[in-house]
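Here is a short report for a first look at this structure.

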Amino acid sequence: MDGDYVIGGVFSIHNYMYAERHDFSTMPEPLRCTGSIDSRELRFSRSMAFAIEEINDSTNLLPGIRLGYQIYDSCASVPMAVHLAFQLSNGLDPEFNTNNNCSQSGMVMAVVGESGSTPSISMSRVFGPFNIPQVSHYATCACLSNKQQYPSFFRTIPSDQFQANALARLVKHFGWTWIGAVRSDSDYGNNGMASFLDAANKEGICVEYSEAFYRTHPRSKIQRVADVIRRSTAVVVVAFAAPGDMRILLEELSREPSPPRQWIGSEAWVTDPGMLRFNFCAGAIGFGIQQSVIPGLRDFLLDLSPTKVAASPVLTEFWETEFNCRLGKSAGTGKSLCDGTEDIQTLRSPYTDTSQLRITNMVYKAVYAIAHAIHNAVCHKTNSTTECDKFTRIESEQVLTQLKTVSFSQNGYDVSFDANGDPVATYELINWQKRESGSIELVTAGHYNASLPVGQEFHINRNLTWVEGSTQVPMSVCTDSCPPGTRKVLQKGKPSCCYDCIPCPEGDISNATDSPDCFPCPQEFWPNAEKNSCFPKPVEYLSYHEVLGIILAAFSVGGACLAMITAAVFFRHKTSPIVRANNSELSFLLLFSLTLCFLCSLTFMGVPSVWSCMLRHTAFGITFVLCISCILGKTIVVLMAFKATLPGSSVMKWFGPPQQRMTVVFFTFIQVLICTVWLVVSPPFPMKNLTTYKERIILECALGSAIGFWAVLGYIGLLAVFCFVLAVLARKLPDNFNEAKLITFSMLIFCAVWLTFIPAYVSSPGKFTVAVEIFAILASSFGLILCIYAPKCFIILFKPEKNTKKHLLNKYQP
């Protein structure tokens, strides 16, 4: 159709171009299309004509100016698309330009098309140097956003980069980490899949296989791709393919049943009504362009009289194909003549189906975008009216400049372009759902808006159905998720989604599913049995409430009571010879110190505190030195007493009671001094032992200064050895002075206990260290009281006849 300004249009109305073998001896035939007509693409081209006629009837847009158009069929072929691009760039055919006035009907201001990305790329490389704007309605390859390579390219459909990101987030949303991928072996499929795989990798999604195919490939190649899909373990298959390519693959898959597959489709085929005949794809989901309503379009499409049909070869071919008849004098095809009863109103075809106007609206918006650009270039507003001059000569470069800034709303749909010539990316989530009749319908189940903040772009507002009509989301993972308490370890030579689940090591946990690492609990916490959370470590110390503590406390109190009972017996018989003969003052002081020794073991029990830690070691050290000092004094008394019986000896006057008391005070003072220095320099203190046992905390008293502790212990040992040596020297005294023998046995037991205590103390863990120390105190204390006092108490209580002065003064009989 002629006009003041002409817009070109290129659509893939046929699927193939006639392939001719050139022998280079004759002129080749003109390029021509072959194959069946794509009714959907025919609807696109007719929608362009409808939009232009609507604009021509408008009084607001380009008033007084008539737009013309010239629409071509590219056969979905690159050679034909390039040929048409050059033809549109050079001006229209002479026979088309029938207007001899000064209008510019021979010039193309802009071009709508092409439907495919690969032909659009080829055309844009031709249009770019001539600054001819190209506005595509269906070319989605992200590569076309590169303004350095395609400076004059615009589109009303979002770039595949947005769709690829949306598909990756959709796959991640449903927990699919193990997928298959197929794509058209074209710019659309290869670039779209590359963008998707990059986005999927960032989302942690692994691809089992990625196969490319094209509708012109040999069937063996298509079969190989179909076999890969059948043999794979991935349940989910993402297909970034053109409708014509996808149709070939699905036809191959339908020949031989394959395991159920959940299809995730790109916009190009998932919204194509012609694909709904493949029932085994029920449950497929993908993103589609928003549905729209174009008033008056359906009436325009159905307004096909025989005269209009006969005037267009393409419409004639469409008519004859749909009604299986031939019009007028068309070439014989074995079909009967059309009798005029054919009614396009009853025809069920993608051409007449206006219930899912998606890409059609993209064509509609592309035409209006170009019209607004021309309007801004040739029209100006004066007062309240708009005046346009159809004789104004404009170049396509001016239209290109204006197209970059257009922003308008048509039928409620906003149209504008960003710096890359792309619109705002909005999609509908499409789900193939089966009706009760068994047919499949396209259902809008959600929306995606790339302009919203991250995390808010994606929204599902109705239930989805999945493969085989299931309402449960299918699983598609290489390895089941690792539960909390384990970590992922990648399997050698396999993708990152294939891994083994290894339990966390001792002391570590993981509290998230598919955790790549385990991490240790805080120092005072320990994992539970499942190793998925930390709980406070149990605290361990020698308590009065446990069996071991009760037993030791009972022996401690019992020992103290025994010492006090012994003291009571001695006090009751303090005038008896056996009590008086063995220095009753030192005997009572020894019993007092033994009582303190028994009781000091109680300070080792219970929760350690600052005072209990300082008291337990110092009290133990001082009371034992007091005890040993008393025994040492008694030993010296025995020796001195024997020496005093010798003629002319005056020893006892040098070691009387005052000297004995001074000896005890002197030896005890040295220990008090050692303990004081220890407490001042580095005293014992309570601490939490976190190293002996990993799974529990031991409350214990740190020594502070180890030198101080071993000095206290060493001093006790030194006195004990000295006392033992003196007792051994007195072992051959007459039987009546047998207290030296008793002291020898008591010191022997004392030294044996403490020599055994040292290695046991060092090697015992936790609260058993304290228990060993208490046992050593009790054992040595019981050894002293039993060895020294038990024989005397036995004589006092059961052998009173021996508790006489005469018996004690009897001389030793050899």
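## Backbone points of note

Lys531 sits in the loop that runs between β24 (525–527) and β25 (534–536). Helices (H or I, at least four residues) and strands (E, at least two) are DSSP runs, numbered from the N terminus. This is a predicted model, in which local features need pLDDT of at least 70 and side-chain atom pairs count only at pLDDT 80 or more, while totals for chains, interfaces and linings use all residues. Residues are numbered from 1 along each chain as its sequence is written, and side-chain values use heavy atoms, with hydrogens and water left out.

Lys531 is not a glycine, yet its phi is positive, near 60 degrees. Its relative accessibility is 25%, so Lys531 counts as partly exposed. Buried means under 20% relative accessible area, exposed means over 50%, and partly exposed lies in between (1.4 Å probe, protein chains only). Asn411 also has a positive phi near 60 degrees, and is a residue other than glycine. Asn411 belongs to the loop between β15 (407–410) and β16 (413–416). Asn411 is partly exposed, at a relative accessible area of 33%. A cis peptide bond links Gly113 to Glu114, with omega about 0 degrees. Glu114 is in the loop between β5 (108–112) and α3 (117–127).

## Disulfides

The whole structure holds ten disulfides. A disulfide here is a pair of cysteine sulfur atoms within 2.5 Å. The link of Cys206 and Cys497 is right-handed, with 85 degrees about the S-S bond. Cys206 lies in strand β9 (residues 206–213) and Cys497 in the loop between β20 (486–490) and β21 (499–503), so the pair ties together parts 291 residues apart in sequence. Cys206 and Cys497 are both buried.

Cys379 and Cys388 form another disulfide, and their sulfur atoms are 1.7 Å apart. The torsion about their S-S bond is about 110 degrees, so this disulfide is right-handed. Both Cys379 and Cys388 are buried. In the disulfide of Cys482 and Cys501, the sulfur atoms are 1.9 Å apart. Here the torsion about the S-S bond is about -90 degrees, so the disulfide is left-handed. Cys482 lies in the loop between β19 (458–460) and β20, and Cys501 in strand β21, so the pair ties together parts 19 residues apart in sequence. Cys482 is buried at 0% relative accessibility, while Cys501 is partly exposed at 31%.

## Cysteines without a bond

Cys561 is in no disulfide, and the nearest cysteine sulfur, in Cys793, is 15 Å away. Cys561 is partly exposed, at 34% relative accessibility. Cys675 is buried, with a relative accessible area of 2%.

## A helix pair

Helix α16 (residues 584–600) packs against helix α21 (residues 767–798) at about 155 degrees, with axes 9 Å apart. That makes α16 roughly antiparallel to α21 (angles under 35 degrees count as roughly parallel, over 145 as roughly antiparallel, 65 to 115 as roughly perpendicular and the rest as oblique).

Residues of α16, including Leu590, Leu594 and Phe598, meet residues of α21, including Leu778, Phe782 and Ile785. Contact means heavy atoms within 4.5 Å. The residues of this contact divide into 14 nonpolar, two polar and no charged (Ala, Val, Leu, Ile, Met, Phe, Trp, Tyr, Cys and Pro count as nonpolar, Asp, Glu, Lys and Arg as charged, and the others, Gly among them, as polar).

Key
Axes fitted to C-alpha atoms, helices over the stretch in contact; angles between N-to-C directions.
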